[in-house]
Amino acid sequence: MTTALAVDGPPLPADPSLISLAYQHEHPVQAYEFDDTLERWTVTARIDADILAENMAARGDTNRETLDAIEDVPVGRMSFLRVRMFGPDNPFHAMDSYTGDVSRIGERVLDVARGGFAHPVGDLLVMDRVILEPEWRGFGLGPVLAGAAIRRLSPDCTAVLCEPGSADGRKMTEEQHHEAAAKLARMWSTIGFEPFQHGVHLLDCHLQRPLDLLAERQQEFTALCRSWNTQHGHR
């Protein structure tokens, strides 16, 4: 279940132009179980403490004692799975071994009887989780951060898959779940995801439209950064 949250809240806690994405992928030298078929990627969005301190010092925003106490500012985290179609293992078995959410996506996409891909020409990328820290929600950052990560992780992939769903841990009625999923589906459509079947959404990596939509989101992000600087008296 791909997740992202956006709620109304206070102003941005820091200059969004300082956000960077860090990618982490670990694997044993000797493959264990499905390690050669299912790659797990964790993407962390944060503002590095040193970068933030340098930025604040250059603007004369604070004193040395405060600068020395600055720590990294967490913005969010994302998880992706790259499913290798030409690996040594059955790709569905690899997806089925991970979580129920990923298994459901595999069932929809790889099950020929249900109209899915018989055997995709290229790997698949699953956008499993996109979660922003509460203070960073409500500013449209989810699509631009996820889109940037997808652009880095999707070369040679035929499609990116997700299943929109809520991540806040609240108990919801079935109707509320449907409403949350519909809202998130609309959000992910802004970077090129389209309904595939049974709640799974697909971004076709061979199309130009996702690149054009990501460029639009990046323009909005640039405008957000300019707005932050204007509000804080910086040019």
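Modeller: The model is a predicted one.

Colleague: What makes the pair R46 and D72 a salt bridge?

Modeller: The closest N and O atoms of R46 and D72 are 3.2 Å apart. The criterion asks for a side-chain nitrogen of Lys or Arg within 4 Å of a carboxyl oxygen of Asp or Glu, so the pair qualifies.

Colleague: Where in the chain do these two residues lie?

Modeller: R46 belongs to strand β3 (residues 38–47), whereas D72 sits in the loop between α2 (64–68) and β4.

Colleague: Why is α5 called oblique to α7?

Modeller: Helix α5 (residues 141–153) packs against helix α7 (residues 209–231) at an angle of about 130°, and their axes are 9 Å apart. That angle makes α5 oblique to α7, because only angles over 145 degrees count as roughly antiparallel and those from 65 to 115 as roughly perpendicular. The crossing of α5 past α7 is left-handed.

Colleague: Which residues bring α5 and α7 together?

Modeller: From α5, L141, P143, V144, G147, A148 and R151 take part; they meet L211, L214, R217, Q218, F221 and L224 of α7. By class, this contact holds 8 nonpolar, 2 polar and 2 charged residues. G147 is among the residues of α5 in the contact, and Gly counts as polar.

Colleague: What makes β2 and β8 the edge strands?

Modeller: The open sheet has 7 strands in the order β2-β3-β4-β5-β6-β9-β8, with mixed pairing. β2 (20–24) and β8 (194–197) each pair on one side only, and they are the edge strands. From one strand to the next, the twist averages 30°.

Colleague: How do you know that β6 and β9 pair?

Modeller: Strand β6 (residues 157–162) and strand β9 (residues 200–204) run antiparallel and are joined by 4 bridges.

Methods. Residues are numbered from 1 along each chain as its sequence is written. This is a predicted model: local features need pLDDT of at least 70, side-chain atom pairs count only at pLDDT 80 or more; totals for chains, interfaces and linings use all residues. Side-chain values use heavy atoms; hydrogens and water are left out. Axes are lines fitted to C-alpha atoms, for helices over the stretch in contact, and angles run from 0 to 180 degrees between N-to-C directions. Angles under 35 degrees count as roughly parallel, over 145 as roughly antiparallel, 65 to 115 as roughly perpendicular and the rest as oblique. A crossing is left-handed if the near helix is turned anticlockwise from the far one by less than a right angle, and right-handed if clockwise. Contact means heavy atoms within 4.5 Å. Two strands pair if DSSP finds at least two bridges between them.
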